[in-house]
Amino acid sequence: MRRHRPVVEVPDVVGLGADDACAIVRRAGLVPAGPEGMPAPEEGVVVAQAPIGAAGAEEGATVVLITQHGRRPADDPLTPPPTEEADTLQPA
């Protein structure tokens, strides 16, 4: 008879860097992996995961992380820095 493992919540790691995402998945008691049986990603930004965040999974289950290279969204400024031209404009 198969013994069931406890169910844990899958953390939502989309948008995080690969290192941080893998560490969070491991702390949740799950195993990070790449798509199609590849090892866990080591670089890039997580753009998708399966199962999705907040889903339930048996402890020790695999969470597939799909990454894309590039800057994390948090690294992009919300507003561009002011330019010299903007500093010299006067209201109409």
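Modeller: Happy to! One thing to keep in mind is that this is a predicted model. Let me start with Glu36, which counts as exposed because its relative accessibility is 81%.

Biologist: Where does Glu36 lie?

Modeller: Glu36 sits in the loop between β2 and β3. Its phi is near 55°, a positive value in a residue other than glycine.

Biologist: Okay, let's zoom out. How many helices and strands does the protein have?

Modeller: There are two helices and five strands. Along the sequence they follow the pattern β-α-β-β-β-β-α.

Biologist: Which strands form the sheet, and in what order?

Modeller: Three strands make an open sheet, in the order β2-β5-β3, and the pairing is mixed. The edge strands are β2 and β3, each of which pairs on one side only. From one strand to the next, the twist averages 35°.

Biologist: Mixed how? Do β2 and β5 pair in the parallel or antiparallel sense?

Modeller: Strand β2 (residues 31-33) pairs with β5 (residues 62-68) in the parallel sense, over three bridges. In that pairing, Pro32 stands opposite Val63 of β5, and Ala33 stands opposite Val64 of β5.

Biologist: And β3 with β5, which sense is that?

Modeller: That pair is antiparallel, with five bridges between β5 and β3 (residues 45-50). For example, Val45 has Gln68 in β5 as its bridge partner.

Biologist: What holds paired strands together, in general?

Modeller: Strands of a sheet pair through backbone hydrogen bonds.

Biologist: Switching to helices. Which residues of α1 are buried?

Modeller: In α1, which spans residues 18-27, Ala18, Ala21, Cys22 and Val25 are buried. They lie on the same side of α1 because they cover an arc of only 95° around the axis.

Biologist: Why would residues three or four places apart in an α-helix point the same way?

Modeller: An α-helix has 3.6 residues a turn, so residues with that spacing point the same way.

Biologist: What covers those buried residues of α1?

Modeller: Their cover includes β2, β3 and β5. On the other side of α1, Asp19 and Arg27 are exposed.

Biologist: What follows α1?

Modeller: Gly29 follows α1, and its phi is positive, near 90°.

Biologist: Last one: how much of the whole protein counts as buried?

Modeller: Of its 92 residues, 24% count as buried. The protein exposes about 6700 Å², and carbon and sulfur atoms supply 56% of that. As for contacts with a separation of 6 or more, residues 24 or more positions apart account for 64% of them.

Biologist: Great, thanks for the tour!

Conventions
Residues numbered from 1 in each chain as written. Predicted model: local features only at pLDDT ≥ 70, side-chain atom pairs only at ≥ 80, totals over all residues. Heavy atoms only, no water. Pairing = 2+ DSSP bridges. Helix = DSSP H or I, 4+ residues; strand = E, 2+ residues; numbered from the N terminus. Axes fitted to C-alpha atoms, helices over the stretch in contact; angles between N-to-C directions. Buried < 20%, exposed > 50% of the residue type's maximum accessible area, 1.4 Å probe, protein only. Arc of directions from axis to C-beta. Contact = heavy atoms within 4.5 Å. Areas by Shrake-Rupley, 256 points an atom, 1.4 Å probe, with all protein chains shown as cover.
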